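This briefing is intended to be read beside the sequence and the three-dimensional structure. Please keep both in view while going through the points.

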Amino acid sequence: MVDLESEVPPLPPRYRFRDLLLGDQGWQNDDRVQVEFYMNENTFKERLKLFFIKNQRSSLRIRLFNFSLKVLSCLLYIIRVLLDPPPQGNKWYHIFWVTRCLPLWGLQVSVALISLFETVLLGYLSYKGNIWEQILRIPFILEIINAVPFIISIFWPSLRNLFIPVFLNCWLAKHALENMINDLHRAIQRTQSAMFNQVLILISTLLCLIFTCICGIQHLERAGKKLTLFDSLYFCIVTFSTVGFGDVTPETALSKLFVVIMICVALVVLPIQFEQLAFLWMERQKSGGNYSRHRAQTEKHVVLCVSSLKIDLLMDFLNEFYAHPRLQDYYVVILCPTEIDVQVRRVLQIPMWSQRVIYLQGSALKDQDLLRAKMDDAEACFILSSRCEVDRTSSDHQTILRAWAVKDFAPNCPLYVQILKPENKFHIKFADHVVCEEEFKYAMLALNCICPATSTLITLLVHTSRGQEGQQSPEQWQKMYGRCSGNEVYHIIMEESTFFAEYEGKSFTYASFHAHKKFGVCLIGVRREDNKNILLNPGPRYIMNATDTCFYINITKEENSAFKNQDQLRRNNASRSFYHGPSRLPVHSIIASMGTVAIDLQDTSCRSASGPNLALPPEGSKETRRPSIAPVLEVADTSSIQTCDLLSDQSEDETTPDENISSNLEYAKGYPPYSPYIGSSPTFCHLLHEKIPVCCLRLDKSCQHNYYEDAKAYGFKNKLIIVAAETAGNGLYNFIVPLRAYYRPKKELNPIVLLLDNPLDDLLRCGVTFAANMVVVDKESTMSAEEDYMADAKTIVNVQTLFRLFSSLSIITELTHPANMRFMQFRAKDCYSLALSKLEKKERERGSNLAFMFRLPFAAGRVFSISMLDTLLYQSFVKDYMISITRLLLGLDTTPGSGFLCSMKITEDDLWIRTYARLYQKLCSSTGDIPIGIYRTESQKLRTSESQISISVEDWEDTKDTKEQSHHRNNHRNSTSSDQSDHPLLRRKSMQWARRLSRKVPKHSGKTAEKINQQRLNLYRRSERQELAELVKNRMKHLGLTTVGYDEMNDHQGTLSYILINPSPDTRLEVNDVVYLIRPDPLAYLPNTAPSRKSSICNTTGADTREETQL
């Protein structure tokens, strides 16, 4: 029958029975010649076949009618049994003969005639040349047994009371039901699950077995106990359930034989049915089944499409997605072509996730699987690329096809797509939100070179956190760093805001300053109601409108905030001190608890301009005092704004006229003439007047235009930025453009060296010894490791080698897995690193999504994980502006009138400003800059105290001579360049001195012994560094390079750096603080006068980047 269904296409639904008999004769009255195709379909047999078999709707009606006939025959049998009088006399007579009234006999004969006619007709239509194949079919045999005796009784009246096993029609009803379900699926064009069909078959089989057993026992016991139908039902249930009370038992041999046969049939048939059901259940568990249509229409859900699902990816998505309160009732449907991983299965069985996360094994390229996931009803679809593939371009191609398939199937479903290569981005421009990994990666690596720790700043901003990390730590910097990490970007309509509603008609700078002063929030951007573009710090000339959307940085959004007046807090807490701790930082007024924040309203009464808050340090007489900070004006006064005129490059007035002439001839400002890929955003930047020949771009090879073969010979004025990458891909364009942006002064442009391979000789030739930063890009060829976490192995070991060889070099890199950050600048026996490892474990146990944030390389901006881009994509579901703001901060997009991210450094001359709030006022009133955070570097006190060793007075005399020798040796090492060759026994003598110290310490002084062991390790490490330094110097001499400037000892082990995002207004400024600024776009307006700014307020990441930023 299946073959017949596939031969000829189905008839249209309007096919009528008149057409079956008469055919189509409309063409006979036409003069045209009718050419008939498929003549075999015009025969009477073919028309019957089309009506009874091939047409889905008519065939479904026939099946339903046949099923009804079989059920009716079974009901007539039950009625006959109930009307049958109690048997008397010969017991064997009652087995073959029954009492059947005439109306009942007439109904049963009619049913038998119709059933037999239908069976013969269908057999004739499905006949294929083998008559025995049709006759020996079990349904045909049963039909003959149940129908033919009734037809014979018409011509032989004495046989009207002959017993006929009509109850066997239940099996024909089961067969008709199966065919009816198949036709139903064909008619409605929807395939039900195989599990449903198998369950239906199992239930119908059980019912048929029980019904057959009931009727058979009842009839055979007419010769014995004369059981009723209810007694037979009771006996069958007790027997098949293996209970067997024994109160009802068969007496005749035939009934006993029948019970044995039925039990054997049940033991054969039912296990087969249960096995098939269990197999389908296991397959359903693997594939995940279907997402309920009813649930899809009543509940909200999102779909996550991935090529392979790992536990880290799943937990990052779930933790970030369900961190938002309004997403708690959403369901997450995961569509993945691979079988579910064991760890993922274990996690999805946790009650917190099992009720909200559904795993479906399937492909996004199949409409059936998209239908299973109810993609057309989904609120969003996230499509992630597999960054661990060997061929990343192939991974992008798979992502593109998935995006196309989803868009074709559900055009109204919002798409959130992650792509790896920028050149493939234009294929998915239709997606609502797109994150290109290489674009963001290279842009963050570039900004890390000019604005330290920009990657850490962006990572903390896009992660959801309450600022509770590190609050249990005993160290003050971890508490401040953890609390400030809870700041995120939020938005609100200005007229609906308590923060900003009062600043309608005021300048943007005025609103930002006073909102920060009063509420502690940092207003960074705005968007007009009639414009889709977001403007970061549009400047003091921008006038706020009631319908504007304000974007601000705060610990939580305004809707979750409660407001208390400062006067009430003073009356209630008069005895409570505002300052605590050695750093005299204020107790922050923001208290995070269960998603609600209480923000203290500052006293906004007028203060004297000459008051103590704005007064300068009392140095010198009143005539020589510097003026106090000017107030921020409500409406901009262009004469008071001191912005750098970056178009005319007035910041370079200090150069000599000759240098100005040469630089003006060499550089120009404009847009790059060529775009490396479709979809790159044009950026105004510094360009050369003439294109340099390709031969001149090889730094290590001379050509006819120059004879230089190493970086030192070029005589660069600024320090180098070295990029170590596997290939020079199109994404490198996003690294170069931020470093050559138009707002960077020419004198601060660092030469960029691309290093495609990094052996030691090439590193030395490209100037690694005097480079400002070295950027190590993760190797694509190692991302496809057998063990997922080993994808970063090559990058980590290479960075560690560079760190050991060039300990003073500022190395910036990115990793695939955030858990591998602990291996950056790894020191196996460093006490402070071990303490941070314990802190990370505690934060992870508390449920933090940023447990790795306290690792020193990440906090200092030396390393970041590319997986943070996944979080950025997830955040966009709730905050659709996050990708746009991030691209503006990184310089990937440039909107006219929007500001850019830069930094300034606090020097000793700037400490008169004292606090972050006064700095905010100074910047807003003078330049229009908006500060958003501080990058702070401070001494690492714990490590210093542990490395110091106090020796008792009794031991001083024994160690005095050794100390003098060590001091003389250190002086001699500083005055010579080949100390190892002059003192070959240096390492052995130092170890002997350390052993002598250990012998002199009393045995009961465990603390002193531990410190001496630490000093001995320090001596060993220092001597090892000397050996590495000697190796590097020998290679430099062999290559003909000078060793001047190579510092083998300074590795900044005594300092740590971290970020304070939107710190408290009362936070004290410290020397060497780097302040992150959003500076207005200088192209938006040209000031009348552009006086030279103080160098400490300008971006000072210039020639001495390493000394000024402590990188």
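The model is predicted; local features require pLDDT of at least 70, side-chain atom pairs count only at pLDDT 80 or more, and totals for chains, interfaces and linings use all residues. Residues are numbered from 1 along each chain as its sequence is written, and side-chain values use heavy atoms, with hydrogens and water left out. Helices (DSSP H or I, at least four residues) and strands (DSSP E, at least two residues) are numbered from the N terminus.

**Nonpolar surface patch**

- Helices α7 (131-135) and α8 (138-155) each contribute at least two residues to the patch; α7 provides the largest share, three residues.
- I135, in helix α7, has a relative accessible area of 32% and is therefore partly exposed (buried is under 20%, exposed over 50%, partly exposed in between).

**Open sheet**

- Four strands form an open sheet in the order β23-β26-β24-β25, with antiparallel pairing (two strands pair if DSSP finds at least two bridges between them).
- β23 and β25 (1055-1061) are the edge strands with a single partner each, so one side of each has no neighbour in the sheet.
- On average, neighbouring strands of this sheet are turned by 25° against each other, direction ignored; the axes are lines fitted to C-alpha atoms, and angles between N-to-C directions run from 0 to 180 degrees.
- β24 (residues 930-939) and β25 run antiparallel and are joined by seven bridges. G933 is opposite I1061 in β25.

**Covered helix α33**

- Nine of the 11 residues of α33 (residues 916-926) are buried, including Y916, L919 and L923.
- The cover over these buried residues includes α22 (508-519), β8 (522-527), β23, β24 and β26 (1074-1079), where contact means heavy atoms within 4.5 Å.
- G928, which follows α33, has a positive phi near 80°.

**Loop glycine G897**

- G897 lies in the loop between α32 (882-890) and β23 (900-905).
- The relative accessibility of G897 is 15%, so G897 counts as buried.
- G897 and L536 are 361 residues apart in sequence, with a C-alpha to C-alpha distance of 8.1 Å.

Key:
Buried < 20%, exposed > 50% of the residue type's maximum accessible area, 1.4 Å probe, protein only.
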